[in-house]
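This report describes selected side-chain and helix contacts in the structure shown below.

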Amino acid sequence: MLRRIFEWTLEKAGHRTAPRWLFGISFMESSFFPIPPDVLLGPMCLSKPHKAFQYALICTVASVLGALLGYVIGMFLFDTIGRAILDFYGMTAEFEHFAQRFNEQGWLIVLLAGFTPLPFKVITIAAGATGMPLYVLVIASIISRAARFFLVAGLLWKFGEPMKAFIDRHFGLITAIVGALGVGGFVLVKYLV
């Protein structure tokens with residue numbers, strides 16, 4: 001199922017309304033969608049390097065807005081939608097212990113999850129469920145998501161063609177590494193929990 005969602009997401013990079021898809025997927029990924037916006041951001045930056053930073057801004061704004069939706073799910077809809085999302089990611093059992101630690105180090109966890117392959121949606125839902133101050137979530141999300149997306153866009157803008165050639169030559173290896181990082185992110189969250 002994840003493979004089909006990944007391929008569906010990747011198809012949107014070549015769509016004429018790709019920036020809208022980038023916004024939507026960035027928004028959804030912060031609250032419930034399993035595929036990161038990098039799947040779209042990379043190809044879009046490579047095909048139009050002059051718009052790379054505009055695409056990074058779209059990702060950042062949409063991701064922070066999506067984090068607000070995750071917060072609302074955690075705060076008001078945790079027992080229905082929030083638990084279902086945590087069940088999907090296999091994190092419901094450990095959530096109580098995680099919630100206690102989250103209250104102590106929440107801003108740091110948001111910063112880490114926003115920049116790395118950790119499942120950001122789990123963190124945004126936890127922020128709402130544990131009553132993290134909203135301004136902390138917003139500030140940490142802006143810093144971490146902007147750092148991540150602008151770094152990706154900057155690298156692709158600066159090294160576009162060589163990066164594209166590298167990706168074309170080593171696509172299988174890169175896909176395996178990105179997949180391993182994604183799985184590693186989930187494992188790390190379970191370890192933190």
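## Basis of the description

A residue counts as buried under 20% relative accessible area, as exposed over 50%, and as partly exposed in between. The model discussed here is predicted.

## Aromatic pairs

At 31% relative accessibility, Phe150 falls between these limits and therefore counts as partly exposed. Phe53, with a relative accessibility of 35%, is likewise classed as partly exposed.

The structure contains two aromatic pairs. In one of them, Phe53 and Phe150 are stacked, with 6.3 Å from centre to centre and 15 degrees between the planes. Because Phe53 belongs to helix α4 (residues 52-76) and Phe150 to helix α8 (residues 134-158), this pair ties together parts that are 97 residues apart in sequence. Ring pairs also bring in Trp157, giving a cluster of Phe53, Phe150 and Trp157.

## Ser30 and its surroundings

Ser30 is located in the loop between α2 (18-29) and α3 (38-47). Its relative accessibility is 0%, so Ser30 counts as buried. When neighbours within four places in sequence are left aside, the residues in contact with Ser30 are Ser63, Gly66, Ala67, Phe120, Lys121, Thr124 and Arg145.

Two of these contact partners, Phe120 and Arg145, are also related to each other through a charge placed over a ring: Arg145 lies over the face of Phe120, at 4.3 Å from the ring centre.

## Packing of α4 and α5

Two packed helices are described by the angle between their axes and the distance between the axes. For α4 and α5, the packing angle is about 120 degrees and the axes are 7 Å apart. Angles of 65 to 115 degrees count as roughly perpendicular and those over 145 as roughly antiparallel; α4 and α5 are therefore oblique to each other. Their crossing is left-handed. On the α4 side the contact is made by Ile73, Gly74 and Phe76, and on the α5 side by Phe78, Ile81, Gly82 and Ile85.

## Ile81

Among the contributors from α5 to this contact is Ile81, a residue of the helix spanning residues 78-88. With a relative accessibility of 38%, Ile81 counts as partly exposed. The C-alpha atom of Ile81 is separated by 9.5 Å from that of Phe32, although the two residues are 49 residues apart along the chain.

Note on methods. Residues are numbered from 1 along each chain as its sequence is written. This is a predicted model: local features need pLDDT of at least 70, side-chain atom pairs count only at pLDDT 80 or more; totals for chains, interfaces and linings use all residues. Side-chain values use heavy atoms; hydrogens and water are left out. Rings of Phe, Tyr and Trp (its six-membered ring) pair if their centres lie within 6.5 Å; planes under 30 degrees apart count as stacked, over 60 as edge-to-face and the rest as tilted. Helices (H or I, at least four residues) and strands (E, at least two) are DSSP runs, numbered from the N terminus. Buried means under 20% relative accessible area, exposed over 50%, partly exposed in between (1.4 Å probe, protein chains only). A charge sits over a ring if NZ of Lys or CZ of Arg is within 6 Å of the ring centre and within 35 degrees of the ring normal. Contact means heavy atoms within 4.5 Å. Axes are lines fitted to C-alpha atoms, for helices over the stretch in contact, and angles run from 0 to 180 degrees between N-to-C directions. Angles under 35 degrees count as roughly parallel, over 145 as roughly antiparallel, 65 to 115 as roughly perpendicular and the rest as oblique. A crossing is left-handed if the near helix is turned anticlockwise from the far one by less than a right angle, and right-handed if clockwise.
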